[in-house]
Amino acid sequence: MRTVRATAAAVTAVIGAGAAAVAVGRYASDAALRTPPGGPLPTDPGLTVHSTAAGQVALTRDFATLRPGRHGLTGDDFHAVVGPVLPGVPDSADTVVRRLERVTYGTPEPGDRARLTPNLYVGDPGGALGLDHTDLELPGELGPLPAWFVPGARDTWVIAVHGLGTTREHTMNLMEFLHRHRFPVLAPAYRGDPGAPRSPDGLNHLGETEWRDLDAALHHAVDSGARQVVLYGWSTGATMALRTAARSEVRARVAGLVLDSPVLSWEATLRALATARHTPGVLLPLAVRAAQGRTGLYGDRRPGAVHLDRIAVPTQIFHGPDDTVAPWRFSRRLAADHPNTITLHTVRGASHGAMWNADPQTYEEALRRFLTPLM
């Protein structure tokens, strides 16, 4: 009887440990698989507004608040745009003073919690940028997909698609530039976005299934008269662009790719986000296995190999070594392996999805040079 009881206790302990491991894995994998559109990534530090004055705001001192360039500053009830750190303005060991360029809505008050975001604009292209646009619904695999269309004179269209932790508002950062160069711009939402169908399992698949919604946008562009298309993606939107260019039935119409902060290794990105959620290193393999079991994200073991094997179009990558979500080393390797196809523009001091924010003028000049032959 004692032997039976001991065996039962051991089996119960094993089952309990297994259930605990599954729970830990699911929790850690949620850092990537349940990132809400427009919500903070685990890597985004929480900040406090310490004070405001005419044209300036004091924020918690952090690597994020010391980054160069222009960024959105968002809280529960406000959105603003901050510029560079102000030289010569007194600060403290705990604060950084940046230029306060404008307040979009609400009012940042001392004590408010906030975070920096790459989104400089909120709303739609008409209200935010004064651009004529049309609200569309594209026929997606799971249902209608909201999209903005900003017309242009060229027959080369740009389809711009956001990535992790943002919404299609992120694409408006470059919309004025693209409109100025007369490109028609299509900015679609995809599964899981506000107004778009929910993924059947409610999870992000880091581009592995979402690319089909970008493919729907590509079909719409071709059916609407686009002679050729440039796919422009940020983060997992870049992953979607790579998948679409490799798999779409109309991939021959894809003339080029622009990839900003591309997620080229879903496993590395999942590990980074789980680590930012304070998952101990020894438990990270559980997060990876949980993600595989929940989504089927087995993918290719050599980051980037599958994505470009069948693609021979010009590709511009914007990425840098300070991206803590999508490791820069994969972009460097990809560019080195495809020197005749891929150009890598390195941006230092920029966070994930914010390569343009760090230095808009230099970024746009590199983008102009890339797009000129495709016009």
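This is a predicted model: local features need pLDDT of at least 70, side-chain atom pairs count only at pLDDT 80 or more; totals for chains, interfaces and linings use all residues.
Residues are numbered from 1 along each chain as its sequence is written, and side-chain values use heavy atoms, with hydrogens and water left out.

Let's start with the pockets. A pocket here is an open set of points on a 1 Å grid over the protein atoms alone, where a 1.4 Å probe fits, with protein on both sides within 12 Å along at least five of seven lines; lining residues have an atom within 4 Å of a point. Volume is the space filled by probe spheres set on the points, which are joined across faces, edges and corners.

The largest pocket comes out at about 570 Å³. It has 33 lining residues, and Thr43, Asp44, Pro45, Thr324 and Ser351 are the closest to its centre.

The second largest pocket has a volume of about 370 Å³. Among its 19 lining residues, Gly38, Thr74, Gly75, Arg115 and Thr117 lie nearest the centre.

Now, the cores. A nonpolar core is a set of buried (under 20% relative accessible area, 1.4 Å probe, protein chains only) Ala, Val, Leu, Ile, Met, Phe, Trp, Tyr and Cys residues joined through side-chain atoms within 4.5 Å. The largest one has 38 residues, and Ile159, Leu186 and Leu214 are among those with the most contacts inside it. There is also a second, separate core of 34 residues, including Phe183 and Val347.

Conventions: Buried means under 20% relative accessible area, exposed over 50%, partly exposed in between (1.4 Å probe, protein chains only).
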